[in-house]
Amino acid sequence: MAKILCVILMTLTTAVSTARQVEQSQAKNASLSFIRINRNGHQIDTTYKHLNSIAFKDSIYYLTYTTLDADGDITRTSYELPISNSQRTKRLLLDSTDYRLKYKGLMYLKYDKQYTAYKFLFDDPNADDEEMNYYFIPEFGVVIFRFRAWGGYERLINNGQQDDFDRLFYLTEKIVSDFNGFYHPTDE
């Protein structure tokens with residue numbers, strides 16, 4: 001009996017270890033690169049993420065990202081992005097996401113075609129200085145994470161598609177350069 005338990009324990013340990021190695025390998029090959037810039041300019045860093053899934057149903061986009069940090073730790077984050085503040089849409093929101101974001105508006109951007117950029121606000125009423133704006137373009141996922149209290153942001157610079165490099169730069173630059181409008185951090 002002890003031998004059987006020992007074999008089962010070793011098998012489970014190996015399976016968990018293998019699964020973690022596969023997950024880390026996939027995260028290391030993340031297709032999304034974000035540049036993170038703090039307002040004071042003292043810290044510029046690159047973060048790597050993988051967009052695991054994106055789906056749209058009943059006026060809500062559902063996204064899941066995997067991030068691998070410098071220590072090798074993996075974080076999975078899920079988002080619900082409602083493109084309406086209607087009561088019907090609010091009833092459809094799931095409780096299972098890590099962040100519930102409030103729809104704040106949209107902006108049309110023209111490059112090789114017309115893109116729609118959506119703006120969302122994350123604001124926990126029980127916390128201070130955690131407010132963030134998320135700028136989402138359905139073809140690319142979240143393209144900008146803006147930290148409202150501190151002024152820093154993460155901006156998508158590479159999605160693994162060489163043909164999209166100039167497109168991403170242009171689209172994110174159009175959002176960031178509209179500081180008194182769509183990008184403005186103090187709207188409520």
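Predicted model: local features only at pLDDT ≥ 70, side-chain atom pairs only at ≥ 80, totals over all residues.

Biologist: Which residues of helix 3 are buried?

Modeller: The general idea concerns the turn of a helix. An α-helix has 3.6 residues a turn, so residues three or four places apart point the same way. In helix 3, the buried residues are Arg 167, Leu 168, Leu 171, Thr 172, Ile 175 and Val 176. Viewed down the axis of helix 3, these buried residues fall within an arc of 155°, so they line one face of the helix. Asp 166 and Ser 177, on the other side of helix 3, are exposed.

Biologist: What covers the buried residues of helix 3?

Modeller: The cover includes strand 6, strand 7, strand 8, strand 9 and strand 10.

Biologist: What span does helix 3 have from its first C-alpha to its last?

Modeller: Helix 3 has 13 residues and reaches 18 Å, which is close to the 18 Å expected at 1.5 Å a residue.

Biologist: How should I read charged side chains, and how many salt bridges does the count come to?

Modeller: Side chains of opposite charge can pair when their charged atoms come close. In this structure, a salt bridge requires a side-chain nitrogen of Lys or Arg within 4 Å of a carboxyl oxygen of Asp or Glu. By this rule the count is six salt bridges. One of them joins Lys 113 to Glu 139, with the closest N and O atoms 3.3 Å apart. Lys 113 lies in the loop between strand 6 and strand 7, and Glu 139 in the loop between strand 8 and strand 9, so this pair ties together parts that are 26 residues apart in sequence.

Biologist: Are Lys 113 and Glu 139 buried, exposed or partly exposed?

Modeller: Lys 113 is partly exposed at 36% relative accessibility, and Glu 139 is partly exposed at 40%.

Biologist: Which residue forms a salt bridge with Glu 173?

Modeller: The partner of Glu 173 is Arg 155, at 2.6 Å from N to O. Glu 173 belongs to helix 3 and Arg 155 to strand 10, so the pair ties together parts that are 18 residues apart in sequence. Glu 173 is partly exposed, with a relative accessible area of 32%, whereas Arg 155 is buried at 8%.

Biologist: Which residue forms a salt bridge with Arg 167?

Modeller: Arg 167 pairs with Asp 164, their closest N and O atoms being 2.2 Å apart. Arg 167 is buried at 14% relative accessibility, and Asp 164 is buried at 12%.

Biologist: Where is Pro 138 found, and which residues does Pro 138 touch?

Modeller: Pro 138 is in the loop between strand 8 and strand 9, and Pro 138 is partly exposed at 24% relative accessibility. Not counting residues up to four places away in sequence, Pro 138 touches Ile 54, Tyr 61, Thr 116 and Tyr 118. The C-alpha atoms of Pro 138 and Phe 56 are separated by 9.3 Å, although these residues are 82 residues apart along the chain.

Biologist: How should I read the backbone angle phi, and what is phi of Asp 58?

Modeller: Most residues other than glycine have a negative phi. Asp 58 has a positive value, near 50°, and Ser 59 also has a positive phi, near 70°. Asp 58 is partly exposed, with a relative accessible area of 34%, and Ser 59 is partly exposed at 26%.

Biologist: How many helices and strands does the chain have?

Modeller: The chain has three helices and ten strands, in the order α-β-β-β-β-α-β-β-β-β-β-β-α along the sequence. Of its 188 residues, 37% count as buried.

Methods: Residues numbered from 1 in each chain as written. Heavy atoms only, no water. Helix = DSSP H or I, 4+ residues; strand = E, 2+ residues; numbered from the N terminus. Buried < 20%, exposed > 50% of the residue type's maximum accessible area, 1.4 Å probe, protein only. Expected span 1.5 Å × (residues − 1). Arc of directions from axis to C-beta. Contact = heavy atoms within 4.5 Å.
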